[in-house]
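Let's take a walk through a protein together, starting on the inside and then looking at its aromatic rings. Keep the picture open as you read.

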Amino acid sequence: MLVIFLALWFGGAACAASGDTLHVGSKRFTESYILGEVLAQTASPHAKVEHLQGLGNTAIVLAALQAGRIDVYPEYLGTIDLEILKHRQAAPLEQIRRELAPMGLGVAVPLGFNNTYALAMRGDQDGLKTLSELVTQPRLRFGLSHEFIGRADGWPGLAKRYGLPQRPEGLDHGIAYEALMQRQVDVIDIYSTDAKIRQYGLRVLEDDRAYFPRYDAVLLYRLDAVERFPAAWKAITQLEGRISAADMIAMNAAAEIDGQNFANVARDWLAAHKPLASGAALPAAGAAPAAAPVRDGLWAKLFDKNLWPQTRQHLTLVLVAVLLACAIGVPLGVLAAALPRLRQVVLGLTGVLQTVPSLALLALLIPLLGMIGTVPALVALLVYALLPIVRNTCTGLLQVPSGLRLAALALGLRPWQRLVHVELPLALPVILAGVKTAAVMSVGTATIAAFIGAGGYGERITIGLALNDNDMLLAGAIPAAVLALLTQAAFELLERLAGRGRAASQRV
């Protein structure tokens, strides 16, 4: 009931907010972050705009779009065609539009560049120039992004088209280049506009059997957004055809190599390309620096202006999730202890829930709840926090000495009185240990909230992965580790106080 109440509460708030705010989404890689900022800054003079960045993979960001939590996000025509609409072959644009319309979605505003998939190797590796030649090298180690491995237009079809015998390992796109240069893998999947291709001198293998379709950058949007934000949409449409492949590579390089943040990269590009014909002024950019920008260090990233908002978001997620888990888990543990026939069912069910992969769970929750953000994140954290609380509650109650149970029964206490006044107080240390485990686990697990726009320290971690920026990764990991230690210390103090209270009552 608490979860349903929260879903209705936050869902109502989200719906109220979405009425006057244009929500722009982006996926969890550099180019998508930047394009999301370009859209947001282009629309901001005409409407209130919020950029929900780094929303995970295609399934998550599409679910957010269909649920109405975002209104538009940058996508690629090949992905819409083959991954979203599940076509086996490239379809004409008009057919794609017809099939998206019943879903309340549209595709428009081709931005001007094609960012196709490709496979790349180190430049110093011998010989191979085409994908067909990979068949002759079965020992090559493939490190491919998880989404590419699972996509209909990714590894399965590619391996079939070329008869490739290799078995790829899943590797986050943000760290694939470093793994390649450190010779931990031999082949990675890339985007043709990646700045690091040139930086690392990689050899892009020719798609000699024309497997990959065109991935022209476009906007996937809700059809009702055009009516709700006419001025903002008019400004956005004037981006059509204005971002060249060279522009996109330069923007990716500014973020990944020069260390500029995504908002500044987008602002600089917009300023360099002047106000649009409508006369709407684009966000002003600062004076051009005389020298190459200096990447902020760990200290600056750790204590930037987002530290407190992200700490507040992270703490809120953990506290609410653990309280919900206690409200549900303790009664379930009591039920499991009291009814042996249900014990294995309850413990088995909570154990199974613990094994569900986080991204899969989030992808399922978004269409189920009809939203992204806080509520799906809380439900996911609740699921992962249940097991230690349920198990420890059940174990603690079963460890209550039978003699004390009989004494309470002899005193004429009713079952609920025995539970409240005798059994739960005696089981409290074990229950608290389970709650402590759940809370500490939740501090780390709460980083998944960033994949669906719920904030927290995970935002820094996802950006660090996208940019392969170790300082940014640490700027998210260090506060999370400190918060976990503080959480554990707080529970240990609580356990000591509870122990002193029991000792005092026994002396009395």
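What follows is a short tour of the nonpolar cores and the ring pairs. Bear in mind that this is a predicted model.

Start with the largest nonpolar core, which has 70 residues. The members that touch the most other members are I70, I80, I96, L100, L220 and I372. If you want to know where the biggest contribution comes from, look at helix α18 (residues 374-398), which gives the most to this core, with 15 residues.

Now zoom in on I372. Setting aside neighbours within four places in sequence, I372 is in contact with L52, L55, A64, R69, I70, I366 and I452. There's also a second, separate core of 58 residues, and I34, W155, L270 and M472 are among its members.

Next, the rings. You can find 13 aromatic pairs in the structure. Take Y117 and Y191: their ring centres are 5.4 Å apart and their planes sit at 40°, so this pair is tilted. Y117 belongs to strand β5 (residues 117-121) and Y191 to strand β8 (residues 187-191), so the pair ties together parts that are 74 residues apart in sequence.

For another pair, look at W299 and F303. Their ring centres lie 4.7 Å apart with planes at 50°, so this pair is tilted. Here W299 counts as exposed, at 66% relative accessibility, while F303 is partly exposed at 46%.

Finally, back to Y117 and Y191: both belong to one aromatic cluster, which also includes F29, Y76, F148, Y211, F212 and Y215.

Technical notes: Residues are numbered from 1 along each chain as its sequence is written. This is a predicted model: local features need pLDDT of at least 70, side-chain atom pairs count only at pLDDT 80 or more; totals for chains, interfaces and linings use all residues. Side-chain values use heavy atoms; hydrogens and water are left out. A nonpolar core is a set of buried Ala, Val, Leu, Ile, Met, Phe, Trp, Tyr and Cys residues joined through side-chain atoms within 4.5 Å. Buried means under 20% relative accessible area, exposed over 50%, partly exposed in between (1.4 Å probe, protein chains only). Helices (H or I, at least four residues) and strands (E, at least two) are DSSP runs, numbered from the N terminus. Contact means heavy atoms within 4.5 Å. Rings of Phe, Tyr and Trp (its six-membered ring) pair if their centres lie within 6.5 Å; planes under 30 degrees apart count as stacked, over 60 as edge-to-face and the rest as tilted.
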